[in-house]
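Reader: I would like to go through this model with you and ask what stands behind each label. Could you show it first?

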Amino acid sequence: MNSSILVTGGAGFIGTHTVVQLLNQGFKVTIIDNLDNSVEEAVYRVRDLVGPHLSVNLQFHLGDIRNKEDLEKLFSQAKFDAVIHFAGLKAVAESMAHPFRYFDNNLIGSITLYQVMAKYNCKKLVFSSSATVYGQPKKIPCVEDFELKAMNPYGRTKLFLEEIARDIHTADPEWKIILLRYFNPVGAHESGKLGEDPVGIPNNLMPFIQQVAVGRLPELNVYGHDYPTKDGTAVRDYIHVMDLADGHVEALKKLFTKQDIGCLACNLGTGHGTTVLEMVTAFEKASGKKIPIKFCPRRPGDATEVYASTEKAASELNWKAKYGIEEMCRDQWNWARQNPWGYKKPPTK
C-alpha cells in the first residue's frame, strides 16, 4: 500500500496508535495536529517504535483544521488518497460547561476540513464518531440503525458531523465515507511507549485509575453509584486501543477496495459491558495496587449502560476485537509504570 493518508489529530491517543498500524501496513502518513490535548513527544515515540525504515513515511505538521490556510498548505503540497479524521475535543462534562469550544473545534474544524478535501478532490474519509450518538439507548446492545439522540454537546457534535457526512455524500456520491462509532477506548501499545496522556485531571476512567495507581492523584472519583446495574456503577463497552487502531486500517482498506460504500456507520466495540467497579478490580489485579475510591454524584449527560452490537463491523469491515479487559489493564499498567508522568518529565520537587 503506497497510498498517502492525512491523519488529523494524529498526535493524540487513538491517532498515534493508528498511525503505528498504518506505517506497519505500508501507508504513507501525514499528521496535522494543533497539540491542544497532545504532545509532539508522542510522534517521536511513534517514529521510535516503527524504526528508521518506516519512519521516513511519516510527516508531522503543527496546524489547526479550523485554519483553512494550514490545510491549503498541506493539500497544495501533497496529494492525499484519504483522510482519517480524529481531530476534536472529546470530554462530555467539559462540553456541557463550554459548548462553544465544541462547536468551534468539532463542527467548524470538520466543515473546514471537508471543504478543502472537496476542493482537492480527496473524497475518501474515515471519521471518528462515538457511541455517544446513541444517548441512552432504549435497548442494548446498540445497533447502528437505532434512532440517534445524543445527550450532551460533545455527542451532538459527533451526531451533527455524521449527518453532515451523509449530506455530503448525497450531494456528491463520489465521496466514500465510513463513520466509526467508538465505544470506550483504553489500554496502550504493548511496548509501553505509547498511551493516553490527557492534559489536566483526566475525564476518562482509565487515565484516572492510572494516575491514582502511580501516586499522582489520591483517589478515584466514581461518578454515580446508584445506577440500576449489578453494582450501582455505569456500564460501558471498553475496547483496547490497538483493536480500535486495527479497525481504522480495515475501514481504510475497504475505502480503497470497494466501490459502493456510500456513507457507512459501524460500531467499534467488544460487545461486552463492564461496570466501573469491575474495571477497577481488573486494574488492581493487573497492577498489584489498591485503588482508593470516592463515590460522587452522577455526572450530567452520562448514560447508565451502553455496549455495542458488533455484527456490522464483522461483516462490513472484517474486523472484531481481539483483546479483553485483562489485556487492556495489563497494557495500561505497563504504560503507566514506564511513564508515570505520561510523555512529560516528572516535576522537580
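Author: Below, each label is set against its cut-off.

Author: This is a predicted model, where local features need pLDDT of at least 70 and side-chain atom pairs count only at pLDDT 80 or more, while totals for chains, interfaces and linings use all residues. Residues are numbered from 1 along each chain as its sequence is written, and side-chain values use heavy atoms, with hydrogens and water left out.

Reader: What makes Cys263 buried, exposed or partly exposed?

Author: Buried means under 20% relative accessible area, exposed means over 50%, and partly exposed is in between (1.4 Å probe, protein chains only). Cys263 has 22% relative accessibility and therefore counts as partly exposed. Cys329, at 0%, is buried.

Reader: How do you know where domain 1 and domain 2 run?

Author: The bounds come from an automatic or database domain assignment. That assignment gives domain 1 as 4-187 + 238-268 and domain 2 as 188-236 + 272-338. The contact between them (heavy atoms within 4.5 Å) takes 49 residues from domain 1 and 42 residues from domain 2. Their C-alpha centres lie 22 Å apart.

Reader: What is the area that domain 1 and domain 2 bury between them?

Author: Buried area is the accessible area (1.4 Å probe) that two parts lose on being put together, summed over both. For domain 1 and domain 2 the value is about 3,900 Å², with 63% of it on carbon and sulfur atoms. On the domain 1 side, Tyr238, His240 and Asp243 lose the most area to domain 2, together 19% of what that side buries.

Reader: Why is the pair Lys322 and Asp246 called a salt bridge?

Author: The rule asks for a side-chain nitrogen of Lys or Arg within 4 Å of a carboxyl oxygen of Asp or Glu. In Lys322 and Asp246 the closest N and O atoms are 3.3 Å apart, so the pair meets the rule. Between domain 1 and domain 2 the count is 3 salt bridges. There are also 16 residue pairs in polar contact between the two domains, both residues being at pLDDT 80 or more.

Reader: Which element gives the largest share of the side of domain 1 that touches domain 2?

Author: Helix 8 does, with 8 residues. Helices (H or I, at least four residues) and strands (E, at least two) are DSSP runs, numbered from the N terminus.

Reader: What makes Lys254 and Glu316 a link between parts of the chain?

Author: Their closest N and O atoms are 2.9 Å apart, and they form a salt bridge. Lys254 lies in helix 8 and Glu316 in helix 10, so the pair ties together parts that are 62 residues apart in sequence. Lys254 is buried, with a relative accessible area of 12%, whereas Glu316 is partly exposed at 30%.

Reader: Why is Glu162 called buried?

Author: Glu162 has 0% relative accessibility and therefore counts as buried. This residue is found in helix 6 (residues 153-171). Its contacts, not counting residues up to four places away in sequence, are Phe127, Ser129, Val133, Leu148, Leu179 and Arg181.

Reader: And what makes the pair of Glu162 and Ser129 a polar contact?

Author: A polar contact is a pair of N or O atoms within 3.5 Å; within protein, one must be able to donate a hydrogen and the other to accept it, and residues adjacent in sequence count only if both atoms are side-chain atoms. The side chains of Glu162 and Ser129 make such a contact at 2.7 Å.
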